[in-house]
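Please look at the structure shown here with attention to its aromatic rings.

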Amino acid sequence: MSEHLLNRRQFAAGCAAALGLASPAWRAVLAAAQPAARTVKFPDGTVVPALGQGCWHLGQGRHPGEVEEDALRTGVTLGMTLLDTSGNYGGGRSEELLSHVLSGARERIFLVSKVEGNEVAGDGVARACAASLARLGTDYLDLYLLHWPIPSAGFPAVVAAFEQLRAARKIRSWGVSNFSVAQMEDLLRVPDGHRCATNQVPYSLNNRRIERDLLPWMRQHDIPVMAYSPLGGDKHLVIGDRTLAALSAAHGCSPAAVALAWVIRSGAVIAIPEAGSAAHVRENAVALSLALTPADLQALDAAFPAPTG
Ligand SMILES: NC(=O)c1ccc[n+]([C@@H]2O[C@H](COP(=O)([O-])OP(=O)(O)OC[C@H]3O[C@@H](n4cnc5c(N)ncnc54)[C@H](OP(=O)(O)O)[C@@H]3O)[C@@H](O)[C@H]2O)c1
């Protein structure tokens, strides 16, 4: 993903060029393409949109496959070009669904997948990556994450395996997920540990736990956070809240857009909401250009207090 995401004129020209090359499934949605607004920079200088798309439940029958594919393509055209999946989502079915969306659009997408802690022994990272690439129908990942922490003694081998994949151009960068401050500190002590691009952790209005220590630590080390379950997740969706309803009415958008704009407000957090329909995606994409006022932020702080202590 390059800096051209920031430039509206270049983005429009790119879309026009892409229209000529695109498959029929992409052509209709590309015609309505909009530029991304808010972006986040990784330590290596790569710029991505502050809003991506989560893919945990996709390809598993929650919605018809074509509807989910249409949702993802709609999101991409609206600037949500970062797609987050994992080798273990639906036993690989999420990645398989994504292969259809990537087809004809790979270079426009910033693709994130994950390896599990119980897969990393021996040459397990390389094997898991190869399996993900095969399911995705691509020859590289933009970002490969260790899904859950393993004991810190295992960090050097995993980092070395990630670095080998990077040297072989199978991945462009790597990071971690669900790491605490102590685990991040251990990681940065490992050779090449400083190349960690992000830590993907839960963060939403109704789950502000990382504000206590991890968020300031990440900020201090200039490593962006990738916020999962940014709407609170399936079981604790925030969107029914009264304050969100009032703010969304004032801004003429959905409560989901306000909730997501709050998550990405700092410029150092990427949110990856999952949406199974183009209608939800369109609502969410508004967050990319929604500026919350100091009064809005105060109202949200009152409704969803920051953690204390
Ligand atoms: N690294 C990890 O350990 C980890 C853990 C959990 C999740 N993740 C990643 O984070 C992504 C998102 O997390 P999540 O799925 O837990 O939570 P989420 O994005 O906070 O919530 C997803 C739910 O929000 C609904 N939704 C989306 N947009 C909406 C809108 N505009 N209005 C109303 N409802 C809306 C979706 O319903 P519809 O499907 O009907 O649109 C779905 O039920 C996952 O897909 C995955 O990629 C990573």
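A residue is called buried when its relative accessible area is under 20%, exposed when that area is over 50%, and partly exposed in between, with a 1.4 Å probe and protein chains only. The model is predicted: local features need pLDDT of at least 70, side-chain atom pairs count only at pLDDT 80 or more, and totals for chains, interfaces and linings use all residues. Residues are numbered from 1 along each chain as its sequence is written, and side-chain values use heavy atoms, leaving out hydrogens and water.

Rings of Phe, Tyr and Trp (its six-membered ring) pair if their centres lie within 6.5 Å; planes under 30 degrees apart count as stacked, over 60 as edge-to-face and the rest as tilted. Six aromatic pairs occur in the structure. In one of them, the ring centres of W56 and Y89 are 6.2 Å apart and the planes stand at 35°, so this pair is tilted. Because W56 lies in the loop between β3 (53-54) and α3 (65-77) and Y89 in the loop between β4 (82-84) and α4 (93-102), the pair ties together parts that are 33 residues apart in sequence. Here helices (H or I, at least four residues) and strands (E, at least two) are DSSP runs, numbered from the N terminus. W56 has 48% relative accessibility and therefore counts as partly exposed, whereas Y89, at 9%, counts as buried.

The rings of F155 and F179 have centres 5.2 Å apart and planes at 25°, so they are stacked. F155 belongs to helix α6 (residues 155-167) and F179 to the loop between β7 (174-177) and α7 (181-188), 24 residues apart. Both F155 and F179 are buried. Elsewhere, Y144, F162 and W174 form one aromatic cluster.
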